[in-house]
Amino acid sequence: MGSHGDDRPQPLRLGSVAPNFQAETTNGPIDFHEFIGDNWVVLFSHPEDYTPVCTTELGAFAKLEPEFTKRGVKLIGLSANTIDSHGGWIKDIDEISGSKLSFPIIGDKQRQVAYLYDMLDHQDTTNVDQKGIAFTIRSVFVIDPKKTIRLIMSYPASTGRNTAEVLRVVDSLQTGDKNKITTPINWVPGDDVIVHPSVKTDQAKEQYPHLRIVKPYLRFTPLPKEQTSAAV
């Protein structure tokens, strides 16, 4: 990696196509685009195996995995270690959290995927391995079946994520794609939603009999949980 930055991949943005890669995982080798297939995917990275915060996170994701599966979402983790190391760690995770972790974890010892997805820390100089190579931060990518990146979250290595938030975002995206709606602050399935600005008010009144117009640009309608992607 030179200091002039020319060799860095283009920054990924919402709407970028998720770059493809081949990698070893705890469930065998994968081609990432093949792995996505027709599913949604949540890809999330971890600094290293046998680290305390990651251990709690992976256990929580494993316990919530059935909810993701019902929504057609595959989980895949990444850690900057070899696959051999991952195996023993998974046993610890299951023991501590009472989970049964079955989704793959990518072994990214060479940081190949971490560089591709810009999962490296520029600020925290202590976040390095014995060789002084930067560890991955806690990135989350939500990718849709068209291989488009729909959400990016980056947490520092010191801060564990919130699995319920990742699931909530998936529900918002999937429900929004299906219903021409957007979701307000702190929305959870069952709460009122906002009618998309592209839908004219006359049309919205027809489509949503219980339309509540707060301002011409802010129009709420009930959307029962049964009509969201959480109805599974």
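## A guided tour from Lys180

Begin by selecting Lys180, which lies in the loop between H5 and S8. In these labels, helices (H or I, at least four residues) and strands (E, at least two) are DSSP runs, numbered from the N terminus. The model is a predicted one, in which local features need pLDDT of at least 70 and side-chain atom pairs count only at pLDDT 80 or more, whereas totals for chains, interfaces and linings use all residues. Residues are numbered from 1 along each chain as its sequence is written, and side-chain values use heavy atoms, with hydrogens and water left out.

Is Lys180 buried, partly exposed or exposed? Lys180 counts as partly exposed at 47% relative accessibility, where buried means under 20% relative accessible area, exposed over 50%, and partly exposed in between (1.4 Å probe, protein chains only). The phi of Lys180 is near 55 degrees, a positive value in a residue other than glycine. Most residues other than glycine have a negative phi.

**The whole chain**

Now display the entire protein chain. Its secondary structure comes to six helices and eleven strands. Of the 232 residues in the chain, 49% are buried. Among contacts between residues at least 6 apart in sequence, 63% join residues at least 24 apart; contact means heavy atoms within 4.5 Å.

**Helices H2 and H5**

Select residues 52–70, helix H2, together with residues 163–179, helix H5. The two helices pack at an angle of about 20 degrees, and their axes are 10 Å apart. Axes are lines fitted to C-alpha atoms, for helices over the stretch in contact, and angles run from 0 to 180 degrees between N-to-C directions. H2 and H5 are therefore roughly parallel to each other (angles under 35 degrees count as roughly parallel, over 145 as roughly antiparallel, 65 to 115 as roughly perpendicular and the rest as oblique).

Next, show the side chains where these helices meet. On H2, select Ala60, Phe61, Leu64, Glu67 and Phe68; they meet Thr163, Ala164, Val166, Leu167 and Val170 in H5. By class, the contact of H2 with H5 has eight nonpolar residues, one polar and one charged. Here Ala, Val, Leu, Ile, Met, Phe, Trp, Tyr, Cys and Pro count as nonpolar, Asp, Glu, Lys and Arg as charged, and the others, Gly among them, as polar.

Asp171 is buried, with a relative accessible area of 3%. Which residues does Asp171 contact, leaving aside its neighbours within four places in sequence? They are Arg71, Trp187, Pro189, Ser229 and Ala230.

Then select Ser172, also placed in H5. Ser172 is buried as well, with a relative accessible area of 18%. Its contacts, when neighbours within four places in sequence are left aside, are Thr183 and Trp187. Ser172 and Thr183 are eleven residues apart in sequence and 6.3 Å apart in space, C-alpha to C-alpha.

**The sheet with S8**

Proceed to the open sheet of four strands, whose order is S8-S9-S11-S10, with antiparallel pairing. Strands pair if DSSP finds at least two bridges between them. Strand S8 (181–182) and strand S10 (212–215) are the edge strands, each pairing on one side only. Within the sheet, select strand S9 (residues 193–195) and strand S11 (residues 218–221), which pair in the antiparallel sense over two bridges. Val193 stands opposite Thr221 in S11.

Finally, select residues 138–143, strand S6. Six of its six residues are buried, so S6 is largely enclosed by the rest of the structure. In a regular strand the side chains alternate between the two faces of the sheet. Both faces of S6 are covered, with Arg138, Val140 and Val142 buried on one side and Ser139, Phe141 and Ile143 buried on the other.

Ser139 stands opposite Ser154 in S7. The two strands form a hairpin with five residues between them.

In the loop between S6 and S7, select Asp144. Asp144 counts as buried at 7% relative accessibility. Leaving aside neighbours within four places in sequence, Asp144 is in contact with Ile36, Asn39, Trp40 and Arg150.

The last stop is Lys147, in the loop between S6 and S7. The phi of Lys147 is near 70 degrees, a positive value in a residue other than glycine. Lys147 is buried, with a relative accessible area of 18%.
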